[in-house]
Amino acid sequence: MIFVTVGTHEQQFNRLLREIDKLKEDEIIKEEVFIQTGYSTYEPKYCEWKSMVPYKEMQQLISQASIVITHGGPSSFVAPLQVGKIPVVVPRKADYEEHVNNHQVDFVKMVAERQKNIVPVYEIEELENVLLNYDEIVKGMPKEMRSNNAIFNQKLEEIVNTLVKG
């Protein structure tokens, strides 16, 4: 099963939903697809969907999915990483009235370059190729989340210890 989530932002993400539905209709996507459509106005015809999905159900869908496709909101693409899955990330764009600006595009580029553990799709026409070659694309990519929290905490502890001793 492929799980698609567009998050809870109040603007539509019809561009992604239409493309997924088309790929399913054309049998490019052969497995079942479940889409969380959010505030999109497009209703998929070839995929199961719900506008909103409770958190626990979302976690189950992510765990069960062979591929998770998400918008560029950090919590949506961090969730699959937390269970060792590399998400396909399609950032929302202001040009299509999917968001107020293009911060998702900028953020996704930064994460893709620094962390190297997401598969960005900046143009919707690239999605078919990414899905057809997903296994090859993600081979060798780190499946864990890398965080600077441990380093930050260590440095903070050193500073506090220095202050307390001084």
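## Salt bridges, sheet and core in a predicted model

Lysine 22 pairs with aspartate 26 in a salt bridge, in which the closest N and O atoms are 3.7 Å apart; the term salt bridge is used here for a side-chain nitrogen of Lys or Arg within 4 Å of a carboxyl oxygen of Asp or Glu. This is a predicted model, in which local features need pLDDT of at least 70 and side-chain atom pairs count only at pLDDT 80 or more, while totals for chains, interfaces and linings use all residues. Residues are numbered from 1 along each chain as its sequence is written, and side-chain values use heavy atoms, with hydrogens and water left out.

### Salt bridges

The structure holds 5 salt bridges, and the table lists some of them.

| Pair | N to O distance |
|---|---|
| Lysine 22 and aspartate 26 | 3.7 Å |
| Arginine 15 and glutamate 98 | 2.7 Å |
| Glutamate 57 and lysine 50 | 3.1 Å |

In general, side chains of opposite charge can pair when their charged atoms come close. To describe how covered a residue is, its relative accessible area is used: buried means under 20%, exposed over 50%, and partly exposed in between, with a 1.4 Å probe and protein chains only. On this scale lysine 22 is partly exposed at 37%, and aspartate 26 is partly exposed at 42%. Glutamate 57, at 23%, counts as partly exposed, as does lysine 50 at 35%.

Arginine 15, by contrast, is buried with a relative accessible area of 12%, and glutamate 98 is buried at 0%. The side chains of arginine 15 and glutamate 98 meet in a salt bridge; because arginine 15 lies in helix α1 and glutamate 98 in the loop between β5 and α4, the pair ties together parts that are 83 residues apart in sequence.

Helices (H or I, at least four residues) and strands (E, at least two) are DSSP runs, numbered from the N terminus. Helix α1 covers residues 14-25, and its 12 residues should span 16 Å at 1.5 Å a residue, which agrees with the 16 Å between its end C-alpha atoms; the expected span is 1.5 Å times one less than the number of residues. Of the 12 residues of α1, 9 are buried, so that the helix is mostly covered. Those buried residues pack against β1, β2, β4 and α5 (127-132), where contact means heavy atoms within 4.5 Å. Just after α1, glutamate 27 takes a positive phi of about 60°.

The strands form an open sheet of 6 in the order β3-β2-β1-β4-β5-β6, with parallel pairing; two strands pair if DSSP finds at least two bridges between them. At the edges stand β3 (48-50) and β6 (119-120), each with a single partner strand, so one side of each is left without a neighbour in the sheet. Strand β2 (residues 33-36) runs parallel to β3 and is joined to it by 3 bridges, and phenylalanine 34 stands opposite glutamate 48 in β3.

### Nonpolar cores

A nonpolar core is a set of buried Ala, Val, Leu, Ile, Met, Phe, Trp, Tyr and Cys residues joined through side-chain atoms within 4.5 Å. The largest such core has 27 residues, and those with the most contacts inside it include Val4, Leu16, Ile20 and Val88. Two or more residues come from each of β1, α1, β2, β4, α5 and α6 (134-138), and α1 gives the most, with 4 residues. A second, separate core of 9 residues includes Phe3, Met58, Val68 and Ala79.

Which residues does valine 88 contact, leaving aside its neighbours within four places in sequence? Among them are Ile67, Ile69, Val119, Leu127 and Tyr134.

### The loop between β5 and α4, and beyond

Histidine 99 is found in the loop between β5 and α4, and at 12% relative accessibility it counts as buried. Not counting residues up to four places away in sequence, histidine 99 touches His9, Gln11, Arg92, Lys93, Ala94 and Gln104. Glutamate 97 lies in the loop between β5 (88-89) and α4, but glutamate 97 counts as exposed at 60%.

Most residues other than glycine have a negative phi. Glutamate 97 has a positive phi, near 60°, and lysine 116, in the loop between α4 and β6, has a positive phi of about 55°. Lysine 116 is partly exposed, with a relative accessible area of 49%.
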